[in-house]
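Open the model in your viewer and keep the selection tool at hand. The stops below say what to select in turn and what is found there.

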Amino acid sequence: MYPITLKIEGKPCVVVGGGKIAFHKIGPLLEAKAVVTVVSPEIIPEIEYLYLDGKINVLQKEVQDDDYKNAFLIIAATNSPEVNAEIYDKTKDTKLINVVTDSEIGNFHIPATFTRGRLQISVATGGASPLLAQKIRDELKEKYDDTYEDYLEFLYEVRMKIKQSLLSKEEKQELYKEAIDEKYKHSIKERNQFLMHLGC
Ligand SMILES: C[C@@]1(CC(=O)O)c2cc3[nH]c(cc4nc(cc5[nH]c(cc(n2)[C@H]1CCC(=O)O)[C@@](C)(CC(=O)O)[C@@H]5CCC(=O)O)C(CC(=O)O)=C4CCC(=O)O)c(CCC(=O)O)c3CC(=O)O
Ligand SMILES: NC(=O)C1=CN([C@@H]2O[C@H](COP(=O)(O)OP(=O)(O)OC[C@H]3O[C@@H](n4cnc5c(N)ncnc54)[C@H](O)[C@@H]3O)[C@@H](O)[C@H]2O)C=CC1
């Protein structure tokens with residue numbers, strides 16, 4: 001498995017199936033600002049509310065090839081392993097396709113994730129135990145609490161300033177290293193002094 005983070009803002013994403021697993025997978029797609037279409041003859045009320053709120057499109061029917069031919073990413077989330085496997089077979093060479101009923105197929109898995117602003121931590125077990133992934137994620141959530149949100153904004157600002165500066169490569173590298181010193185994690189005063197030192 002090859003780990004990446006995807007920019008899917010504005011990209012057409014198709015979720016096949018309208019049950020609770022489909023609903024669970026839709027949330028993170030919407031958070032990433034994807035354009036989501038659900039294809040399913042039946043949908044649970046939670047998905048219907050998203051539709052009524054104008055957050056997603058719904059095609060209330062059994063899936064056909066045409067429904068996902070323009071998709072950037074597909075989640076095959078029906079309760080039929082056969083239907084999901086057929087979608088996989090037809091798309092695996094050219095599209096991102098996740099299959100919720102079989103960890104052996106699909107060309108990507110969805111990891112257990114949490115975000116703290118710009119920090120995103122994901123845990124994957126290659127289909128061995130989604131529950132262990134969930135457990136490790138919850139442990140990391142405590143260590144990387146929401147104070148990381150501001151801290152990451154500070155680091156981002158610092159990095160943009162350093163990148164734009166006319167300093168040498170070596171000097172830049174020294175400053176990148178300095179920026180992740182513990183003291184900036186804990187002290188706003190230290191952060192401001194560092195930013196001032198960078199000329200902000
Ligand atoms: C391969 C993968 C494909 C994919 O979906 O991408 C997949 C496949 C399957 N999951 C199954 C079951 C469960 N999955 C969960 C939970 C999560 N599953 C997630 C990912 C993945 N699940 C991918 C692998 C990721 C990896 O290994 O690291 C998480 C991490 C991410 C997310 O979904 O967001 C999310 C937790 C995160 C969160 O809570 O945020 C629970 C627990 C629960 O429900 O709380 C159970 C019940 C317990 C159990 O069975 O272990 C079954 C059997 C279905 C059946 O029995 O019919 C299959 C099919 C199979 O294994 O073949
Ligand atoms: N990957 C994961 O994280 C997990 C996966 N699962 C698996 O996910 C599957 C789906 O779970 P639920 O959402 O709870 O099932 P569900 O039974 O509530 O929903 C299935 C949905 O698929 C739709 N569907 C069936 N045939 C279709 C077709 N030909 N075209 C379009 N839509 C179709 C149905 O209308 C229904 O909306 C389960 O069978 C289970 O094996 C279960 C737990 C976790």
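This is a predicted model: local features need pLDDT of at least 70, side-chain atom pairs count only at pLDDT 80 or more; totals for chains, interfaces and linings use all residues.

Select domain 1 (1-110) and domain 2 (112-140) in two colours: both give residues to the shell around ligand 1, so the ligand lies between them. Now select the shell itself, which holds 20 residues. Ser 103, Ile 110, Ala 112, Thr 125 and Pro 130 are the closest of these. Which helix gives the largest share of this shell? Helix α4 (residues 130-143) does, with four residues. Colour the shell by class and you will find nine nonpolar residues, ten polar ones and one charged one.

Next, move to ligand 2, which has 22 residues around it. The class colouring here gives eleven nonpolar, eight polar and three charged residues.

Follow helix α1 to the loop between α1 and β2 (35-39), and select Lys 33 there. Is Lys 33 buried or exposed? Lys 33 is exposed, because 12 other C-beta atoms lie within 10 Å and a residue with 12 or fewer counts as exposed. Check its backbone as well: Lys 33 is not a glycine, yet it has a positive phi of about 65 degrees. Most residues other than glycine have a negative phi.

Now colour the chain by its domain assignment, which gives domain 1 (1-110), domain 2 (112-140) and domain 3 (147-197). How far apart are the centres of domain 2 and domain 3? Taken over C-alpha atoms, they are separated by 27 Å. Where these two domains touch, four residues of domain 2 are in contact with five residues of domain 3. The side of domain 2 that touches domain 3 is made up, by class, of one nonpolar, one polar and two charged residues.

Stay on this part of the chain and select residues 116-142. An unreviewed UniProt entry lists this range as "domain: Siroheme synthase central".

Go on to domain 3 (147-197) and select Ser 168, in the loop between α5 (147-164) and α6 (169-179). Ser 168 is exposed, with 9 other C-beta atoms within 10 Å. Draw a distance from Ser 168 to Pro 111. The two are 57 residues apart along the chain, and their C-alpha atoms are separated by 38 Å.

Finally, zoom out and show the whole chain as a cartoon. Eight helices and seven strands make up its secondary structure elements. The radius of gyration is 21 Å, well over the 16 Å that the globule rule gives for 200 residues, so the chain is more spread out than a compact globule. Along the principal axes, the C-alpha trace spans about 60 × 35 × 30 Å. How much of the chain counts as buried? The share is 20% of the 200 residues. Among contacts with a separation of 6 or more, 44% are between residues 24 or more positions apart.

Notes
Residues are numbered from 1 along each chain as its sequence is written. Chains are lettered from A and ligands numbered from 1 in the order in which they are written. A residue is near a molecule or strand if its C-beta atom, placed from the backbone, lies within 6 Å of it. Helices (H or I, at least four residues) and strands (E, at least two) are DSSP runs, numbered from the N terminus. Ala, Val, Leu, Ile, Met, Phe, Trp, Tyr, Cys and Pro count as nonpolar, Asp, Glu, Lys and Arg as charged, and the others, Gly among them, as polar. Domain bounds come from an automatic or database domain assignment. UniProt positions are given in the numbering used here, feature names are shortened, and annotations may be inferred rather than shown by experiment. Two residues are in contact if their C-beta atoms, placed from the backbone, lie within 7 Å. The radius of gyration is taken over C-alpha atoms; the globule rule is 2.2 Å times the number of residues to the power 0.38.
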